[in-house]
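My notes follow in the order I made them.

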Amino acid sequence: MISISAEFAAELAALKNDQEVGELYGDGADRLLEWLGIDRTTKKDISEVTYFTCLKLLSETMGKIPLKYYKSTEQGRIRAAPTEMTGLLSVRPNPIMTPTTMWSTTEQNTQHYGNGYIWMRRIFYRPPGGYGGYYKVLDLWPMQSNCVTVYMDDVGVFGCAGKMYYRYDDPRSGKAYVFKSEEVLHFKTFFSWDGIMGLPVRQILKENLSGALAGQDVMNNQYKHGMSAAMAMQYLGDLDETKRKQLSKKFADALSGPKNAGKIVPVPMGLQLTPLNVTMQAAQFAELRQYSALQIAAAFGIKPSQINDYAKSSYSSQEQQMLDFYVTTMMGRLKAYEEEINFKCLTETERLAGYFYKANERVILRADAKTQMETLKDGVNNGIYKPNEARDYLDLPADPNGNQLIVNGNYIPLSMVGQQYNGNSQEGGN
């Protein structure tokens, strides 16, 4: 985050130009896609397989968790009727993306850059023949985090000191655009010193990740050269520089590369080739790679079994593993998303009326078929679930007679326990 000083005041004030910002609100889809910079280049850090696996797991998990719309009532929480904003968040955020793509992209940006942003393209809508009006969101677009700069307007450049603004620098045209805080959904990692900007995990893992990438380069180089080691070439006589290079290249071409792996090469008398490289076993390459991978995964909150390391797995079932992943890793992430969405995607009237969005975490906590059926059966038999609620959980159609809570007929309230004996004793006395 950058505080706006007097030096930036004139520059940022010039960016607040209706004509320039209005270009993004037109009907030109090509211009909008160009502004978004969809052809993002791959970063080198992602080439480290453990880092990539962690990004993949977190972003895919965020993408596959559906967002539900509820209303709090005196009878408890109920599903609310969908709205236009509900459709954008859970059906189609924009013409070319699904909600899964949008949320996965945002979480991937958040983890890799520390902060993820979604621009809410909106217009001021005034009802026909009515008074007042409101801002209507047209669509939602994830922004490239490396092209966004967050400003704190502490000098009142835009007329209201103390508010945040988001500047997006178009990587293609070079133009800059400024959006208000209420136009941008801002998500951050758990690690932040000021509570405003998150820090990327790769910054915490900078030294470790650079070592892991170097290790990956060593392995790739070994495969590239057919797992052949570097060698010292000893020969008799004296050769000039040109002949030495020609001789070295001749044997390098004959011994290196996957196609030459295991190949026998004749060596003339008086020439000797001696391997110089330390073997991977002697360097404990595998052990160091595994330790590095576990450190990277731990920084992301990923368990060893989720990166296919089952050496010390202590989970007796997949259900327990996913429960631990939800509680220790995803619960905080989902709560942060819910809070940002509920604040910026709902009006004050909707919030006061009890409406809210909640992520359906049950999709990552689904048990095996037997355990799931026993849990639902116990819930229905003990009056916790209605039969239709249990059927909905199994994606089965509702039954006309399944909207009532049922319990065992032998159950009685605690206040009535023992009264049956009092009645029997009175009858016996009479």
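How many of the six residues of strand β6 are buried? I worked from a predicted model throughout. I found that five of the six residues of β6 (residues 148-153) are buried, so the rest of the structure largely encloses this strand. For its partner I looked to strand β7 (residues 163-169), which pairs with β6 in the antiparallel sense over six bridges. Within that pairing I noted Y151 opposite Y165 of β7.

**Entry: the sheet with β4**

Next I traced an open sheet of three strands and wrote down its order as β5-β4-β9, with antiparallel pairing. I marked β5 (134-143) and β9 (184-188) as the edge strands, since each pairs on one side only. From one strand to the next, I have the twist averaging 20°.

I then followed strand β4 (residues 115-125), which runs antiparallel to β9 and is joined to it by five bridges. As a reference point in that pairing I took N115, whose bridge partner in β9 is K188.

What lies across β4, β5 and β9? I found helix α6 (residues 99-113) there, running at about 135° to β4.

**Entry: the sheet with β2**

I looked up another open sheet, also of three strands, with the order β3-β2-β12 and antiparallel pairing. Here β3 (76-79) and β12 (355-359) stand at the edges with a single partner strand each, so one side of each has no neighbour in the sheet. I noted that neighbouring strands in this sheet are turned against each other by 45° on average, direction ignored.

Strand β2 (residues 67-73) is joined to β12 by five bridges, and I have the two strands running antiparallel. For K71 I wrote down Y355 as the bridge partner in β12.

A reminder to myself: strands of a sheet pair through backbone hydrogen bonds, either parallel or antiparallel.

**Entry: helix α4**

I checked the length of helix α4 (residues 49-64). Its 16 residues reach 22 Å from the first C-alpha to the last, which is close to the 22 Å expected at 1.5 Å a residue. I then listed its buried residues: T50, Y51, C54, L55, L58, S59, T61, M62 and G63.

**Entry: nonpolar cores**

Which members of the largest nonpolar core touch the most other members? Of its 40 residues, I noted L89, W103, L140, F300, I302, I341 and Y357. Helix α11 (residues 318-344) gives the most to this core, with seven residues.

I took F300 as a case to follow. Not counting residues up to four places away in sequence, F300 touches Y51, C54, L55, L58, Q111, V201 and T329.

**Entry: salt bridges**

Side chains of opposite charge can pair when their charged atoms come close. I counted ten salt bridges in this model and went through three of them.

The pair I opened was E107 with R333, whose closest N and O atoms are 2.9 Å apart.

I turned then to E339 and K335, whose side chains meet in a salt bridge at 2.4 Å, N to O. These two residues are four apart in helix α11, so about one helical turn separates them. I have E339 as partly exposed at 45% relative accessible area, and K335 as partly exposed at 48%.

My last pair was K358 with E361, the closest N and O atoms again being 2.9 Å apart. K358 is at 23% relative accessibility and counts as partly exposed. E361 is at 17% and counts as buried, because the cut-off for buried is under 20%.

Definitions and conventions. Residues numbered from 1 in each chain as written. Predicted model: local features only at pLDDT ≥ 70, side-chain atom pairs only at ≥ 80, totals over all residues. Heavy atoms only, no water. Pairing = 2+ DSSP bridges. Axes fitted to C-alpha atoms, helices over the stretch in contact; angles between N-to-C directions. Contact = heavy atoms within 4.5 Å. Expected span 1.5 Å × (residues − 1). Buried < 20%, exposed > 50% of the residue type's maximum accessible area, 1.4 Å probe, protein only. Core = buried A, V, L, I, M, F, W, Y, C linked by side-chain atoms within 4.5 Å. Salt bridge = Lys/Arg side-chain N within 4 Å of Asp/Glu carboxyl O.
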